[in-house]
Amino acid sequence: MWLTPPVATLVHLFLIALIPSTYAIKFNLSAYRYPPAKCIWNAAHPGSLVIVTANVGPGDGQRVDIEIIDSSPEKNVYLRKKNIRGETRLAVTAHSEGEVGVCFKNHLDNG
């Protein structure tokens, strides 16, 4: 059975709409001597792989640190990295049911 061109186009558009989207978050992170953390939270199940890609632009006299934590009562800390530069990919495995947070701090050097 062959579909007419308008029906075939609608079927193709419907199938394209079913393809999962890719999401990204872009934000500015101000530098401070004692910076507050800017955290992004997302739900995760135990044993799920969490992959974080961070693109940090250049900043004279600045240092960006990243920490991956969860919202469990134990407050698991999965990873701490200092001085992230350029594109950095990080991967951890969630240990508990709840949310996993990716927290950034932008330190201003004392100079």
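Tutor: Let's start with the term: a salt bridge here is a side-chain nitrogen of Lys or Arg within 4 Å of a carboxyl oxygen of Asp or Glu. Keep in mind that we're looking at a predicted model.

Student: Okay, how many salt bridges does the structure hold?

Tutor: Go by the 4 Å cut-off between nitrogen and carboxyl oxygen. On that basis, the count for the structure is three.

Student: Take the bridge between Asp65 and Arg63. Is Asp65 buried or exposed?

Tutor: The two side chains meet at 2.8 Å, N to O. Arg63 has a relative accessible area of 26%, so it counts as partly exposed. Asp65 has 11% relative accessibility, and the cut-off for the other class is under 20%. That makes Asp65 buried.

Student: Which residue forms a salt bridge with Glu67, and how far apart in sequence are the parts that the pair ties together?

Tutor: The partner is Arg80, with the closest N and O atoms 2.5 Å apart. Glu67 sits in strand β3 (residues 62-70), while Arg80 belongs to strand β4 (residues 77-81), so the parts tied together are separated in sequence by 13 residues.

Student: And what about Arg80 itself, buried or exposed?

Tutor: Its relative accessible area comes to 61%. The cut-off to pass is over 50%, so Arg80 is exposed.

Student: One more pair: Glu87 and Arg89. What is the relative accessible area of Arg89?

Tutor: These side chains join in a salt bridge at 2.8 Å, N to O. Glu87 is partly exposed at 49%. Arg89 is classed as exposed, and its relative accessible area is 60%.

Note on methods:
Residues numbered from 1 in each chain as written. Predicted model: local features only at pLDDT ≥ 70, side-chain atom pairs only at ≥ 80, totals over all residues. Heavy atoms only, no water. Buried < 20%, exposed > 50% of the residue type's maximum accessible area, 1.4 Å probe, protein only. Helix = DSSP H or I, 4+ residues; strand = E, 2+ residues; numbered from the N terminus.
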